[in-house]
Amino acid sequence: MRNPLVRPYPKDWFLRTRAYRLFMLRELTSVCIAGYLVYLIWWLYKFNQVGAEGYEELLSFVRHPVSIGMHTIALIAAVWHSITWFNLTPSVMPMRIGEDKVPDVVISIATGFGPWLVLTGFILWATLG
Amino acid sequence: MRQMSEALQHDIVIVGGGGAGLRAAIAVAQLDPNLSLAVVSKVYPMRSHTVAAEGGAAAVIKDNDSFEAHCYDTISGSDWLADQDAVELFVDEAPRELIQMEHWGCPWNREPDGRVSVRPFGGMTIERTWFASDKTGFHMLHTLFQTLLQYDAVKRYDEWFATKLLIEDGRCQGVVAIEMRTGQIRCIKAKAVILSTGGAGRIFPFTTNGAIKTGDGTALAYKAGVPLKDMEFVQYHPTGLPGTGILITEAARGEGGVLLNKHGERYLKDYDLGEPLEVDDPKHPQKRTMELGPRDRLCQAFMKEHEKGNTIESPFGDVVHLDIRHIGEKKINKLLPFVRELAKNYAGIDPVHEPIPVRPVVHYMMGGIHTDIDTATPMPGLYAVGECACISINGANRLGSNSLTKLLVFGKRAGVAAAKYVRSCGKFDDSSLESQTASEQARIAAIFNRTSGNERIAAVRGDMHHAMESGAGIYRHDATLATTCEKLAMVRKRLGNIQLDDRSNCFNTELTTMLELENMVDIAEAVAHSARQRTESRGSHQRTDFPERDDQKFLKHSMAYRTEDGTPRVEYLDVVITKWPPAKRVYGEKPIESGA
Amino acid sequence: MPQETITLEVFRYRPEEDKQSTFQNYDVPYHEHWVVLDAINWIKDNVDGTLSYRWSCRMGVCGSCGMMINGEPKLTCAVFLKDYFPKVIRVEPLVNFPVERDLVIDMDGFMEKLKSVKPWIIRDDTDQMDQEYLQTPSQLAAYKDFSMCINCMLCYSACPVLDGDPEFIGPAALALAHRYNLDSRDKGNEQRQDIMGAEEGVWGCAFVGECTEVCPKNVNPAGAIQQAKIASTKAWYRSVLLPWGKR
């Protein structure tokens with residue numbers, strides 16, 4: 001006689017293994033990045049309102065320790081999200097030369113880390129240099 | 001046990017969902033979609049033990065190869081016990097079947113130009129083994145199973161355990177089977193039954209075979225009065241991992257691996273298998289020579305080497321070393337990745353850097369249900385194919401990589417033959433099938449409900465294992481076989497004293513294990529008695545008291561018929577010789593030109 | 001020296017008697033070379049014949065013996081007692097499946113899903129049996145990894161999506177569909193697109209990636225599904241932007 005038992009999936013599954021925890025962490029970074037975007041839009045809106053004369057005042061707001069803290073968190077989140085995403089690229093876009101697989105690290109660098117570093121360098125050069 | 005419900009009915013029932021059964025099923029489905037076809041299997045088909053075959057499947061495809069060469073290799077490999085009409089038919093149909101597998105999606109390894117690759121195997125004049133790295137059986141089984149999924153008309157009874165053939169009016173008319181998840185015992189009526197339940201390596205303790213290889217179909221046919229042919233011929237594979245018995249494929253030697261004793265010598269040179277070439281010689285490995293000798297001869301060489309004290313002690317019995325280091329990591333990863341994985345996991349060594357410890361291990365039953373070249377048994381309506389059947393193309397020693405091809409060639413023939421029979425067999429008396437099912441149900445219920453008895457399955461099974469290993473192994477003698485037969489008779493008696501712990505109807509694996517043990521004892525007795533009565537040495541059957549081949553008396557198949565008390569009566573049947581008269585088996589030098 | 005032992009805490013469910021599952025402890029002799037399956041077999045043979053589970057090849061290729069070992073899906077023939085000793089090992093049936101009994105899961109759902117992706121070679125022409133279809137080693141390499149799935153179901157247990165959406169086709173079946181799509185001999189992409197591109201097809205996947213982590217045969221179903229998402233997207237754009245053209 002059959003009487004199959006349906007078991008609930010563990011509600012805390014996302015805490016159960018390191019891989020699940022890292023996955024949730026990556027998902028959560030999206031919240032930080034979304035938050036930062038909201039903030040950026042708000043800031044642009046304000047800037048548009050106050051114009052050049054109010055710029056210093058806005059800057060002082062940005063320099064507030066709370067703001068710097070939030071920016072740091074958003075930056076870490078963005079960096080984390082990017083790194084983990086670039087690490088996944090070889091899985092999504094595998095490449096081969098003939099029979100041989102292109103090593104994962106080469107794909108990650110070629111499609112992710114490489115362009116990222118070049119762009120970051122360019123932006124740093126354009127803004128600071 | 002559960003009350004019986006109404007009988008199920010099909011035109012053809014295939015028992016066993018491994019390579020042979022699935023190939024037969026596809027053949028039926030393609031031939032006549034209107035036939036009602038069922039596949040009954042005690043495991044989901046993709047779990048069947050075809051999955052564990054590694055090295056490859058043989059068929060003539062390359063220009064340097066020939067029909068004659070494949071026939072000659074097979075027949076000389078069989079020590080002339082194979083039926084040559086069957087071999088010719090097999091060799092002729094083999095290429096078409098492997099091309100068919102290719103068309104169904106099997107991922108064969110390829111040459112740069114896109115044609116399939118082949119590799120050499122033991123006992124072959126010319127390399128002809130098609131392969132999908134070293135998981136050929138796995139890929140073939142999954143390809144067949146997935147291909148079968150497109151035929152909606154095929155009814156699968158997955159995890160149904162067949163316990164009895166229904167015989168009425170002198171014909172096989174179906175099977176009784178337990179639906180494992182409910183415990184119901186059901187009558188499945190059919191006009192024809194194809195048995196494809198695999199071998200019975202599990203009658204021995206140390207085997208490459210999975211737990212499911214308990215010879216169920218063979219025992220079913222045997223109990224129904226069908227003779228078992230050549231049961232004394234049990235193939236040991238020279239390279240199993242100690243302890244577990246996990247198979248390290250012959251392809252490891254086909255790709256150039258060598259066997260070394262404790263002095264680091266390639267000891268096979270002392271056993272009439274030719275002269276070794278250096279491993280970096282471009283001609284290494286030489287065909288039909290040294291490590292590419294046939295399996296029976298390599299296992300016998302191990303035993304002799306063991307007697308001389310030249311093997312290496314290990315916690316799980318003596319071993320020799322299989323050295324594939326010179327093949328190199330890149331080639332190993334491409335051609336033998338599974339060997340590397342298995343050695344790492346189960347022997348704790350990486351064969352790229354260390355030799356693999358190996359010892360002979362029970363691998364394959366050359367014998368099985370007696371059939372003709374159309375897979376028909378003497379019982380009308382009953383067909384058998386795959387390892388459970390003996391057609392015979394394997395004779396006294398199977399050539400590596402012939403068995404996967406055999407599944408396909410004869411699987412298809414079984415499907416075609418059964419379909420033809422069903423369309424022409426007319427009506428016949430099936431009035432007693434349900435009462436037969438009821439008595440089978442009562443027999444199983446008696447085992448299930450037994451409350452007396454003090455034996456456990458594992459203990460009885462262990463004694464059967466011991467009896468087989470100690471007396472019916474690579475080298476046999478009348479005295480050891482007599483003891484084995486006596487012990488098996490004791491084991492049979494004790495079957496009736498086994499009391500089960502499990503009284504559940506749902507997925508009662510203790511009950512099925514018990515029924516498997518009954519089947520195995522039948523087969524073990526057929527093996528031991530057939531071995532005792534063959535007073536000669538041929539292929540895998542080596543008698544220390546009769547060390548020579550005796551064509552005068554034994555160029556014959558043994559035919560074991562089950563008697564009332566379970567022990568067999570052994571008769572003999574002539575071997576079919578067409579173009580290759582019996583000759584000496586020669587390895588290590590140019591083979592004698594074939595008689596063709 | 002007395003025989004060392006290790007404790008297995010084994011999930012029990014007897015459908016004819018139990019409303020709930022329970023755990024039963026067994027002390028098993030500890031051997032360094034034993035896998036968890038050896039310990040379970042020892043229990044069945046020597047202590048408790050009522051324990052039900054599936055197993056066969058004991059070499060990691062038949063796919064029968066997948067179970068949750070300390071909460072992680074594993075092939076019990078491929079995990080060693082020594083990796084847990086002397087701690088207790090908790091053995092449960094694979095999650096995300098109904099439990100038939102003890103450690104035996106109900107796989108009917110998977111078998112349906114497997115069939116739904118049409119995992120066979122689809123072509124318009126009829127078979128020409130005189131020669132094999134040509135396929136170069138690099139064409140073979142393009143799909144070979146995805147053909148290595150043994151249907152052991154570990155990935156289904158690792159997939160949290162299946163909890164919320166039992167209709168999700170799931171990692172193994174989708175990877176297999178992708179395997180046939182990538183096969184140079186196959187022309188069935190379009191026929192598989194309907195199911196692959198559906199809600200319960202590749203788009204159900206949230207790319208947790210744990211299926212790939214637990215796969216004992218390095219199939220990388222997560223990768224297969226993401227690749228299939230790209231293919232599915234391309235097919236959709238082509239059908240919208242170039243409705244007159246060939247897909």
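Predicted model: local features only at pLDDT ≥ 70, side-chain atom pairs only at ≥ 80, totals over all residues.

Student: Which residue of β4(C) stands opposite M67(C)?

Tutor: The residue opposite M67(C) is K74(C).

Student: How should I read the contact between chain C and chain B?

Tutor: One reads it by counting residues on each side, then by asking which elements supply them. In this model, 44 residues of chain C are in contact with 45 residues of chain B. On the chain C side, α1 (36-46), β6 (99-101), α2 (108-116) and α3 (137-144) each supply at least two residues. The largest share, three residues, comes from α3(C). By class, the chain C side divides into 18 nonpolar, 13 polar and 13 charged residues.

Student: How is chain B itself divided?

Tutor: Chain B has domain 1 (8-57 + 132-236 + 363-431), domain 2 (237-361) and domain 3 (434-566). The C-alpha centres of domain 1 of chain B and domain 2 of chain B lie 33 Å apart. Their contact takes 16 residues from domain 1 of chain B and 20 residues from domain 2 of chain B. The domain 1 side of this contact has four nonpolar, nine polar and three charged residues.

Student: In what order do the five strands of the open sheet in chain B lie?

Tutor: The order is β17-β15-β10-β20-β21 (chain B), and the pairing is mixed. At the edges stand β17 (389-390) and β21 (568-574) of chain B; each has a single partner strand, so one side of each is left without a neighbour in the sheet. Strand β20 of chain B, residues 556-562, runs antiparallel to β21(B) and is joined to β21(B) by seven bridges. Within this pair, Y561(B) stands opposite R569(B).

Student: Which helices lie across these strands?

Tutor: Helix α5 of chain B, residues 216-223, lies across β10 (228-229), β15 (368-370) and β20 of chain B, and runs at about 40° to β15(B). Helix α14 of chain B, residues 509-533, lies across β10, β20 and β21 of chain B, and runs at about 60° to β21(B).

Student: How are two packed helices described?

Tutor: Two packed helices are described by the angle between their axes and by the distance between the axes. Take α14(B) again: its axis and that of helix α13 (residues 478-495) of chain B come within 9 Å and cross at roughly 160°. An angle over 145 degrees counts as roughly antiparallel, and α13(B) is therefore roughly antiparallel to α14(B). Their crossing is left-handed. Among the residues making the contact are L481(B), L488(B) and V491(B) of α13(B), and L517(B), V521(B) and A524(B) of α14(B). The contact divides into eleven nonpolar, two polar and five charged residues.

Student: At what angle do α2(A) and α4(A) cross?

Tutor: The axes of helix α2 (residues 18-50) and helix α4 (residues 65-92) of chain A cross at roughly 135° and come within 9 Å. These helices are therefore oblique to each other. The crossing of α2(A) past α4(A) is left-handed. In the contact, residues of α2(A) including I33(A) and Y36(A) meet residues of α4(A) including I73(A) and W80(A). By class, this contact has eight nonpolar, four polar and one charged residues.

Definitions and conventions. Residues numbered from 1 in each chain as written. Chains lettered and ligands numbered in written order. Domains from an automatic or database assignment. Contact = placed C-beta atoms within 7 Å. Nonpolar A, V, L, I, M, F, W, Y, C, P; charged D, E, K, R; others polar. Helix = DSSP H or I, 4+ residues; strand = E, 2+ residues; numbered from the N terminus. Axes fitted to C-alpha atoms, helices over the stretch in contact; angles between N-to-C directions. Parallel < 35°, antiparallel > 145°, perpendicular 65-115°, else oblique. Left-handed = near helix turned anticlockwise from the far one by under 90°. Pairing = 2+ DSSP bridges.
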